[in-house]
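Dear colleague,

I am handing over the structure below, and after it you will find notes on how its parts pack together. Please read them with the coordinates open.

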Amino acid sequence: MGDSAYSFSLTTFSRTGKLLQIEYALNAVANGRTALGIAATDGVVIATDKKFSSALVENESVRKVERVTDGSGFVYAGVGPDYRVLVRKARKSAQAYFREYRETKPVGQLVKSTASVMQEYTQSGGVRPFGVSLLVAGMDGDGVPRLFQVDPSGAYFGWKATAIGKGYVNAKNFLEKRYQEDMELEDAIHTALLTLREGFEGEMNGHNIEVGVVSKSDGKFRLLTPEQIQDYLDEAN
């Protein structure tokens, strides 16, 4: 009996030690739009392609980069509705933390609690894994800007720079060539846009790209406006 006999069961390991539904969830992530993140010395940038199949879609109605706390934000690749659920749960968790401690939840703890939610959905009957991977940018309790990736299995990793979604292999290769340990936030934003451009079909502009940044100077996460993104693209040209 091969692995295919276990492919519909989330809670049963296959004979080769795999949970195939998690692998299928990772396939959903790999089919999603490219998203990437870069941790600089003075901040973190996360960015994603927000290109739609039809020009009739209202761009402003869809948000892929979300602010979760004052000092952290998420971006995803994969299934959009699953992402909304995780964002809502993360915000509720952050609010509960603030009510108890009267301070913003550090990004490291936010990542751990979100990863725990995703892991629960790999070990329960009657549910399926979340079909998303997240990139999380934010300020940690020690004031250091950090970038994390969280996968459908609930595994999480800290990164200097990484990419998820369609074309992530080429994007990671590009980042490995461009990344420098002493990179500052402005350079990281330019590098993020150049990396997205490598695999982008058509012309990039301020409306089909989303960029979020957190700066060490004020510790705040913010989304760049389409006008600001367009300025960066014009500089690159």
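Leaving aside neighbours within four places in sequence, Leu 193 is in contact (heavy atoms within 4.5 Å) with Met 204, Ile 209, Val 211, Tyr 232 and Leu 233. This is a predicted model, in which local features need pLDDT of at least 70 and side-chain atom pairs count only at pLDDT 80 or more, while totals for chains, interfaces and linings use all residues. Residues are numbered from 1 along each chain as its sequence is written, and side-chain values use heavy atoms, with hydrogens and water left out.

Leu 193 also belongs to the largest nonpolar core, which has 25 residues, and together with Ile 38, Val 45, Ile 209 and Val 211 it touches the most other members. Here a nonpolar core is a set of buried Ala, Val, Leu, Ile, Met, Phe, Trp, Tyr and Cys residues joined through side-chain atoms within 4.5 Å, and buried means under 20% relative accessible area with a 1.4 Å probe, protein chains only. At least two residues of this core come from each of strands E1 (35–40), E2 (43–49), E8 (161–164) and E9 (209–215), and from each of helices H4, H5 and H6 (226–236); helices (H or I, at least four residues) and strands (E, at least two) are DSSP runs, numbered from the N terminus. H5 gives the largest share of this core, six residues. A second, separate core of 20 residues includes Phe 74, Leu 110, Val 132 and Leu 134.

Turning to the helix pairs, H4 (residues 168–178) and H5 (residues 185–198) pack at an angle of about 145°, with their axes 9 Å apart; axes are lines fitted to C-alpha atoms, for helices over the stretch in contact, and angles run from 0 to 180 degrees between N-to-C directions. On the H4 side the contact is made by Ala 171, Phe 174, Leu 175 and Arg 178, and on the H5 side by Thr 191, Leu 194, Thr 195 and Glu 198.

Leu 86, Lys 89, Ala 90, Ser 93, Ala 94 and Tyr 97 of H2 meet Gln 109, Leu 110, Ser 113, Thr 114, Val 117 and Met 118 of H3.

Finally, the buried residues of helix H1 (residues 20–30) are Leu 20, Ile 22, Ala 25 and Val 29, and they pack against strand E4 (72–78) and strand E5 (132–139).

With best regards

Notes
Buried means under 20% relative accessible area, exposed over 50%, partly exposed in between (1.4 Å probe, protein chains only).
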